[in-house]
Amino acid sequence: MTRTIHIVGLGVAGLSAAVRLAARGETLRLYEGAKVAGGRCRSFHDAKLDCLIDNGNHLLLSGNRSALSYLDLLGARDELAIADTAHFPFVDLKSKERWSVTLNDGLIPWWALRKKTRIPGVKLSEFAPALRLPFTGDNATIAGITGTDGALYDRFWEPMTWAVLNTTPERASAMLMWNVFRETFAKGGTACRPMIARRGLSETFVDPALTYLAAKGIIPEYNRPLKDLTVENGRVSALHFSDESIDLASDDMLLLALPRAAAARFVGENRVPSGDACIVNAHFRLAEPLPRDSTPPLLGLLNAKTHWIFTRGDIVSLTISAADALGLDRISEDELLPDLWSEVTEALGLGGNYTYTAGRLIRERRATFDQSPESVALRPPFQGPHANMILAGDWVNTKLPATIEGAVRSGELAAQEVRPH
């Protein structure tokens, strides 16, 4: 008898699991509550800007092995623009200083040991607390490991924590940060080269997966939010949608790949991490593209509302991480956009030569779960509370933060939990 694996939720985690299982020849049935796949990692046409934009700005690193293997399976690695070097430019809008961090290849971090190449104002002794990261306990925070004084904290640890963990160093899990460092910074520049979607998130992570699945005869069912489950004898025996109930055969499995808050209804509130953290993204459409030779595709800002500036043609996109913790998530679009554009013109040195024709503010209030040690401790294993239920999502215990890499990794590991029939 043929077994069917029912995958509910087609964000990146669900798609990652689906393509891995499809590659194994499994029989799949896919359900998505929205009218499109991708979840929090997708592109869409914005009427105000009259162009395609991403619903969030995402930076990957060349050490993100799960994301790369996923794209390799789909034949879509070329959709990522991968930098030749691990180069990260920064500007401090308060001091007006500009610098770049370029990590050298190899395991010895020569860039951090040399005064001319490390972050301005940083003393070599400030790197010492980082040696404690590999031995951090589950309850440690970034600030508890690094302290909150010194240029390294201001110019590296704090902005890095916002970017990676979407919260403040006082709350952020040091264990999660170490797990990221272990796969990227600890391996040198070859694992830290920035990778940005050339065209958009959907074109990179979603559309190739749907094409791959369609070639195997697997077509998702959209506009089908899961309403309820029937559980009998410790197994899920039926899925209930608004228009239909689907019975599961004795060998069938459910792979639940819903966002944290939605999944809690089916696995229990005490089995998911607590709290949400917000990211605010701003997009500006320019009258003409910025010059590529003098405009970095990625720029980090300090002492500004904006944390990162991404440029792609005539679109300038900004990211404000931990926006709720910083009190920037409830400012109106009309009030915030002019302030953010002022930071763009100063950071990119545009002066009055450029202006934007339209702007858009996007608040992702549930961008990530609260990545504090207390919340991280609540992340569930991939085996769900019922014998034939597997969990996937960036909130499941991947040991990684809630990032694209974490979501893709969760789908990869969830697929491995499904034993061959």
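W110 is partly exposed, its relative accessible area being 40% (buried denotes under 20% relative accessible area, exposed over 50%, and partly exposed the range in between, with a 1.4 Å probe and protein chains only). The model is predicted, with pLDDT of at least 70 required for local features and 80 or more for side-chain atom pairs, while totals for chains, interfaces and linings use all residues. Residues are numbered from 1 along each chain as its sequence is written, and side-chain values use heavy atoms, with hydrogens and water left out.

W110 is placed in helix α3 (residues 110-113); helices (H or I, at least four residues) and strands (E, at least two) are DSSP runs numbered from the N terminus. Together with I108, L113 and L124, W110 makes a nonpolar surface patch of about 370 Å². Such patches consist of residues with over 30% relative accessible area and no salt bridge, nonpolar side chains (Val, Leu, Ile, Met, Phe, Trp, Tyr) being joined within 5 Å and like charges within 9 Å.

D92, found in strand β7 (residues 86-92), is buried at 4% relative accessibility. A polar atom of the D92 side chain lies 3.2 Å from the backbone nitrogen of S95. Residues up to four places away in sequence being set aside, D92 touches E97, W99, R155, L302 and N303, where contact means heavy atoms within 4.5 Å.

T167 lies in the loop between α5 (151-165) and α6 (174-183). With a relative accessible area of 7%, T167 is likewise buried. Its contacts, not counting residues up to four places away in sequence, are T161, W162, A172 and A322.

Technical notes. Areas by Shrake-Rupley, 256 points an atom, 1.4 Å probe, with all protein chains shown as cover. Salt bridge = Lys/Arg side-chain N within 4 Å of Asp/Glu carboxyl O. Polar contact = N/O pair within 3.5 Å; in protein donor to acceptor, adjacent residues only side chain to side chain.
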